[in-house]
Amino acid sequence: MLYGFCSMKGYMYLVYEYIEMGSLGKVLYSDDGAVELGWGTRVSIVQGVAHALAYLHHECSPPIVHRNISMNNILLESELQPRLSDFGTARLLSPDNFKRKCTSC
């Protein structure tokens, strides 16, 4: 959950809720994390990330492209629900990006 934001001197800060489990990378590479993340849980995490990306691409106006999906930018809640983080390289798509230029027409 986003609690707020602040923009000062060209920098923007976002304030989110604390995510207990940390990043997917941290959980996967910890000694007991790999055991905790069975295949069913891993599929659920992938589905959650896919849902988040579909939301950014299809439900936001203008659409948002994250551009930096990695294990360290996927945070896990206590019930192992994924949350995307680090939108530092994200970009908004302008309507001009949707126009397809046909060179053979």
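Mentor: Contact means heavy atoms within 4.5 Å of each other. The model is predicted, so local features need pLDDT of at least 70 and side-chain atom pairs count only at pLDDT 80 or more, while totals for chains, interfaces and linings use all residues. Residues are numbered from 1 along each chain as its sequence is written, and side-chain values use heavy atoms, with hydrogens and water left out.

Trainee: Which residues is methionine 71 in contact with, leaving aside neighbours within four places in sequence?

Mentor: Methionine 71 is in the loop between strands S3 (64-65) and S4 (74-76); strands are DSSP runs of E, at least two residues, and helices are runs of H or I, at least four, numbered from the N terminus. The C-alpha atom of methionine 71 is 8.2 Å from that of lysine 26, 45 residues apart along the chain. The contacts of methionine 71 are Ser23, Leu24, Gly25, Leu28 and Tyr29.

Trainee: Is methionine 71 buried, partly exposed or exposed?

Mentor: Buried means under 20% relative accessible area and exposed over 50%, with partly exposed in between (1.4 Å probe, protein chains only). Methionine 71 has 33% relative accessibility, so the class is partly exposed.

Trainee: Which residue forms a salt bridge with arginine 83?

Mentor: A salt bridge needs a side-chain nitrogen of Lys or Arg within 4 Å of a carboxyl oxygen of Asp or Glu, and the count is one. The N to O distance is 2.9 Å, and the partner is glutamate 77.

Trainee: How many disulfides are counted?

Mentor: A disulfide is a pair of cysteine sulfur atoms within 2.5 Å. Cysteine 6 is partly exposed at 32%, and cysteine 60 is buried at 18%. The number of disulfides is zero.

Trainee: Which element gives the largest share of the lining of the largest pocket?

Mentor: On a 1 Å grid over the protein atoms alone, a pocket is an open set of points where a 1.4 Å probe fits, with protein on both sides within 12 Å along at least five of seven lines; lining residues have an atom within 4 Å of a point. The lining has 17 residues, with Tyr16, Arg83, Leu84, Ser85 and Phe87 nearest the centre. Strand S2 (11-16), helix H3 (39-59) and strand S5 (82-84) each give two or more residues to the lining. The largest share, four residues, comes from H3.
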